[in-house]
Amino acid sequence: MQNKGAIRLFAILLALVSLYQLMFTHYSRSVENDAANYAVMRAGEDATPEELREWEVHYLDSMAHETVYNFLGLREYTYMDVKSREINLGLDLRGGMNLILEVKVSDIIQALSNYSQDENFLEAIELAEERELTSTRNFISLFGEAFEEVAPNASLAAIFNTVELRDKVQYNSTNQEVLDVLRKESESAITNAFNIIRTRIDRFGVVQPNVQRLQKDGQVLIELPGITEPERVRNLLAGSASLEFWETYDNEEIFDYLIQANNVITRLEERRAAASAGVEAEEEMATEDAETVEIEPADEEDFDILREIEGDTIETPEEGLSLFSLLQPSQQGSGPVVGVASSRNMDQIDEWLETEEVQSVLPRDLRLHWTVKPIQRENLRFWVPDAEDTRQEYYQLVAIKSTSHDGRPPLEGDAIANANDRVNPNGAFEIEMSMTSEGAQTWARLTKANIGKSIAIVLDGYVYSFPTVQNEIRGGQSSITGNFSPEEAKDLATILNAGKLPAPARIVEDTVVGPSLGEEAVNAGLTSFIWAFLVVLIYMAIYYGIKAGIVADIALIANMFFIMGVLASFGAVLTLPGIAGIILTIGMSVDANVLIYERIREEMRAGKALRLAISDGYKNAFSAIIDANVTTFLTGLILFMFGTGPIKGFATTLMIGIATSFFSAIFITRLIYERLLDSKIDVKFGTKLTGNLFQNTKIKFLEKRKVAFALSLVFFLIAIGSLSTRGLQQGIDFTGGRTYVVRFEENVNSTDIFSAMTEVFENANTEVKTFGGPNQIRIATNYLVNDTEEAADREVEERMLEGLRPFLENENISREEFMSQQVMSSQKVGPTIATDIRNRAGYALFFSLIIVFTYILIRFKTWQLGLGAVAAVIHDAMFVLGVFSLFYTISPFNLEIDQSFIAAILTVIGYSINDTVVVFDRIREYRKLYPKRKLIDVFNLAINSTISRTINTSMTTMVVLLIIFLFGSEVIRGFVFALMIGVFIGTYSSIFIASPVAFNFIKQKEKVEKNVTKRKK
């Protein structure tokens, strides 16, 4: 074996990297287990899940910046560090929320036109929106074509020469020039929307959120694991952002009020502490008392309360919690910043400041907002609690003055014409800002009235900057200076350009998985994984003998270790289909070992010594292993390119599993055998029972091809008939709509539920099925499918609840309680998303066939073999479609056509090709070895010589899938069923379809060549 040292070194390094990466998951889980135990200890075993979760969060918050993993004394990792590096579990495994938000380009265009009422413009918009549903092209191109069609001689410049665009669109601009401007402006608006959405996500404090732009214009994918308040998420994310400019207070003006607020809060906390201890307060603090407190000017003694740089500890009026124990007030001369607090204390401070008692002692025109970014530690101008803890982040609290009678800001984002970051002559980064004509007038008045004071720039309730006004600014041209880094200057310019988002972000896809359902999915996935793994390990030891079986088992265990390590290294997301992908990889990784072992057995039967037989076995099996792995990998790659969410997770684990299994089966096992041979240890590749199994089989497969063709044709016709008349049960991925998994206290009858849902959802298409246990129902409906607004979501939920009340233990339950307690998961897919998914599924299937044909053509240099492989793939896909069409109404589990089904079809294609190329590889080999033999004999010999491998691989894969089907989650049962059908029919087609079709065409080619030769003679 060549390069043995390099391979050994690579294996050791890969193992060490995998171990290093997996340790983050180990320590993260260890801290979370401690948190669970702490919660039980504090709340008691009889505590509700909500109470336990509250104590868990409390414990984890306290551990957030504590060191939990010390890597060889070289580096320390806090809990937040290890949590961010652990294996990412998908939402289907740990619960959470998956959203696709869309800022519609059509809304942006209408906003850019200043909401023109031109009839041609509106008709073109409507026509483009209709075509967008069935097209993959961008909206602006569709709009341009529609406008040209509606009004061939009309000018877009007349519509878009607005105040905002007058510098970019002239009256004489061509339609194409206007469309180019629209593309640039819409891209800018979408980028700003994405940045704002990402900033909003950061406020949830979610660990490992995923926010990414999708290929379709205006769409953003958001994954929020562990979210328990989906309604709050929807409200925050779907709102339109508004940029605001506010006047501010100086901190000296507010300090006296803060003292009063601190006193009020102290008394409130004392009262709360007394009440929690079971002691009644001697007197009740009345709100009117607080209102009559006279405010005296602050003197030096008041400021001595604060701890400044050279001062002492903060003092509070009474022991215990108070405002000044969490918020360090600013010293004099800090502008509008009234205090600084650590991130962990901000929520508590907000809660105090929003109480009626505190509000009564603060000025009515005062608003307090936090800065969006933490203050740099070197800029802390006074001491704060835990200042020596470098892991803490501190935020400033800014005092904003609301001077208008309606509470609106004096200037809003629509007044900004343009903003750019630049480097000034002094080499510092600044933001150059220009206003619209109307905005410039307001800006001049605002700056004139606030010379020497700060103007706060606020977005979504957070302060992004509060520059000090140096003088009155006329003409609308301003520059914002400060100690900006390049990134900070660019971010602020982006925020200023965002202004008012021209269109709100609409939720077009919404999936919520409850934590209990996620936990059940994890348990089901682990159970199926363990059983499948054990079965494969035992099978290999039984079939190939203890020693050879153990070597193969070591490769399987190493493969699993490498898969998990690589997943952790890449930050990949492990989903429920991903677990299925790993388990499927177990079954398929056996294939490489089986191919090698069967080759070794053949070489030993030929009389070769053990060392030579092993060497030749690996060498002769290598070509088939490469072909089988590459074709399956390409299928996974297509899935990764066209899939989303869990399907992309499945593709990721499948591709990683193929790569690691190839390395483990080819190189790690070879190293082990080299060591065994050097130690003079004899190895047998079979037992007395299995040693001669499938040896010297002489089945005439090709002679039976007509019977096989007839059987396939009969089922093909049945499938076509069923698909034409019954069709397929399309999931909401393809049709759009909403689904809910509802869990009841008692067992329920799905027929009764269906009757109730049909009544409340009127004429909508509604489906009801038992999902898992008899007390759990899955409801799918396309009621209000075209309405993706939040009001439509509420109406669907209220109607569903109304129909289900007779089946609930608490018939008076509110909608909010019902959605949080009884609904285990929910999903919404808008019609545009459904169309996009359908298109992507079609592309995936089409390109998979092209790639399969091209690869086989290149590898085998025979188009007839490629055609045979494609025929087998189409046969297998049609067979699976036919089964789903025939049985979806009577199946006890879900047989919907959705993204998971497309993943299953593509996996079936990969498996079918895997099987087929092994046979074709042997056909290619035997045609070179036996050029004098008849073609039919060569084909039969090749199929018979690989029958042991075919049966072994198919059997192990089928057993693995059967275990997933029996013990896995209900969510993927239909997906696994499709794979089981595919494995069975794929094995059949590689023998009775692919090979016979290729044989017929090769035979026809030889016949033609023979006739041509005869004519020449």
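**Exercise 1.** Identify which residues form a negative surface patch, and decide whether glutamate 119 is buried or exposed.

*Solution.* The negative patch comprises Asp118, Glu119, Glu123, Glu126 and Glu130, where patches are made of residues with over 30% relative accessible area and no salt bridge, like charges being joined within 9 Å and nonpolar side chains (Val, Leu, Ile, Met, Phe, Trp, Tyr) within 5 Å. Glutamate 119 belongs to helix α6 (residues 119–132), helices being DSSP runs of H or I with at least four residues and strands runs of E with at least two. With a relative accessible area of 68%, glutamate 119 is exposed (buried means under 20%, exposed over 50%, partly exposed in between, with a 1.4 Å probe and protein chains only).

This is a predicted model, in which local features need pLDDT of at least 70 and side-chain atom pairs pLDDT 80 or more, while totals for chains, interfaces and linings use all residues. Residues are numbered from 1 along each chain as its sequence is written, and side-chain values use heavy atoms, leaving out hydrogens and water.

**Exercise 2.** Determine which parts of the chain are tied together by the salt bridge of lysine 453 and glutamate 253.

*Solution.* The two side chains meet at 3.6 Å, N to O, a salt bridge being a side-chain nitrogen of Lys or Arg within 4 Å of a carboxyl oxygen of Asp or Glu. Lysine 453 lies in the loop between α17 (437–448) and β15 (455–459), and glutamate 253 in helix α11 (residues 251–276), so the pair ties together parts that are 200 residues apart in sequence. Lysine 453 is partly exposed at 23%, and glutamate 253 is partly exposed at 33%.

How values were computed: Areas by Shrake-Rupley, 256 points an atom, 1.4 Å probe, with all protein chains shown as cover. Lys, Arg positive; Asp, Glu negative; His and termini not counted. Charge placed at Lys NZ, Arg CZ, Asp CG, Glu CD.
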